[in-house]
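Here is a short report on one protein model. Please look over the sequence and the 3D view before reading on.

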Amino acid sequence: MSRREDDERSQIYLLPLAEGGEARPVTNLEAGAFNPVWSPNGQRIAFFSRIEPGSGVESARDSASPQDQPFTMREKLERNAANADPVVITRLNYLGLSSIREERWNQIFVIDVFADGAEPVQITAGPFPHSGLSWTADSRLILYGA
């Protein structure tokens with residue numbers, strides 16, 4: 001993980017220790033990248049990035065209608081009210097003190113580290129955070145909480 005001169009947020013870099021030289025960037029995401037986890041076979045890296053609605057990152061939500069997956073807390077509450085399904089809130093700063101900010105959620109991405117021109121692929125989507133990623137021993141699956 002590093003934040004170089006041109007990076008607005010931390011990105012993932014690979015440093016060739018055997019040959020020496022400069023680190024090469026693996027990611028270049030506007031939202032940054034964090035908590036990288038190597039696959040057991042050493043070919044791919046899974047990592048998190050905090051995605052904002054409308055960030056231009058392609059996801060499963062892009063193909064769904066906006067009514068299917070509300071993204072802000074205000075949208076969730078409005079949808080629940082319309083469906084006569086109220087939400088009981090017991091904490092003070094639920095929506096913020098003076099404004100409602102767009103929410104951002106940790107989403108999981110995977111990149112094939114050694115493929116030329118490989119781009120990170122977002123593998124999770126939804127209006128909730130993802131956490132605790134771990135590869136299976138055969139490097140085929142990723143386990144996570146959501």
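The sections below cover confidence, fold, salt bridges, the sheet and one threonine.

## Basis and confidence

This is a predicted model, in which local features need pLDDT of at least 70, side-chain atom pairs count only at pLDDT 80 or more, and totals for chains, interfaces and linings use all residues. Residues are numbered from 1 along each chain as its sequence is written, and side-chain values use heavy atoms, with hydrogens and water left out.

The average pLDDT (the predictor's confidence in each residue, from 0 to 100) is 79 for the protein. A score of at least 70 is reached by 73% of the residues. Residues 58–67 have pLDDT below 50. Beyond near neighbours in sequence, that stretch has ten contacts in the model; a contact means heavy atoms within 4.5 Å. Residues 97–101 also stay under 50. For them the model has two contacts beyond four places in sequence. Where pLDDT is low, the predicted coordinates should not be read in detail.

## Overall fold

Along the sequence the pattern is β-β-β-β-α-β-β-β-β. Of the contacts with a separation of 6 or more, 45% are between residues 24 or more positions apart.

Buried residues make up 30% of the 146 residues. Buried means under 20% relative accessible area, exposed over 50%, and partly exposed in between (1.4 Å probe, protein chains only). The protein exposes about 9,800 Å², an area from the Shrake-Rupley method with a 1.4 Å probe, where for residues only the protein chains shown count as cover. Carbon and sulfur atoms supply 48% of that surface.

## Salt bridges

There are three salt bridges, each a side-chain nitrogen of Lys or Arg within 4 Å of a carboxyl oxygen of Asp or Glu. R4 pairs with E22, with the closest N and O atoms 2.5 Å apart. R4 lies in the segment before strand 1 (13–14) and E22 in the loop between strand 1 and strand 2 (24–25), so this pair ties together parts 18 residues apart in sequence. R4 is partly exposed at 31% relative accessible area. E22 is exposed at 60%.

R9 and E8 form another salt bridge, at 3.7 Å from N to O. R9 is partly exposed at 29%, and E8 is exposed at 60%. D138 and R140 also pair, their closest N and O atoms being 3.9 Å apart. D138 is partly exposed at 46%, whereas R140 is exposed at 68%.

Four strands form an open sheet in the order 3-4-5-6, with antiparallel pairing. Two strands pair if DSSP finds at least two bridges between them. Strand 3 (34–38) and strand 6 (121–122) are the edges, each pairing on one side only. Strand 3 meets strand 4 (residues 44–51) through three antiparallel bridges. F34 has F48 of strand 4 as its bridge partner.

## A buried threonine

T124 sits in the loop between strand 6 and strand 7 (131–135). Is T124 buried or exposed? T124 is buried, with a relative accessible area of 5%.

Which residues does T124 touch, not counting those up to four places away in sequence? They are Q107, I108, H130 and Y144. With Q107, the T124 side chain makes a side-chain polar contact at 2.7 Å. A polar contact is a pair of N or O atoms within 3.5 Å; within protein, one must be able to donate a hydrogen and the other to accept it, and residues adjacent in sequence count only if both atoms are side-chain atoms.

Note on methods. Helices (H or I, at least four residues) and strands (E, at least two) are DSSP runs, numbered from the N terminus.
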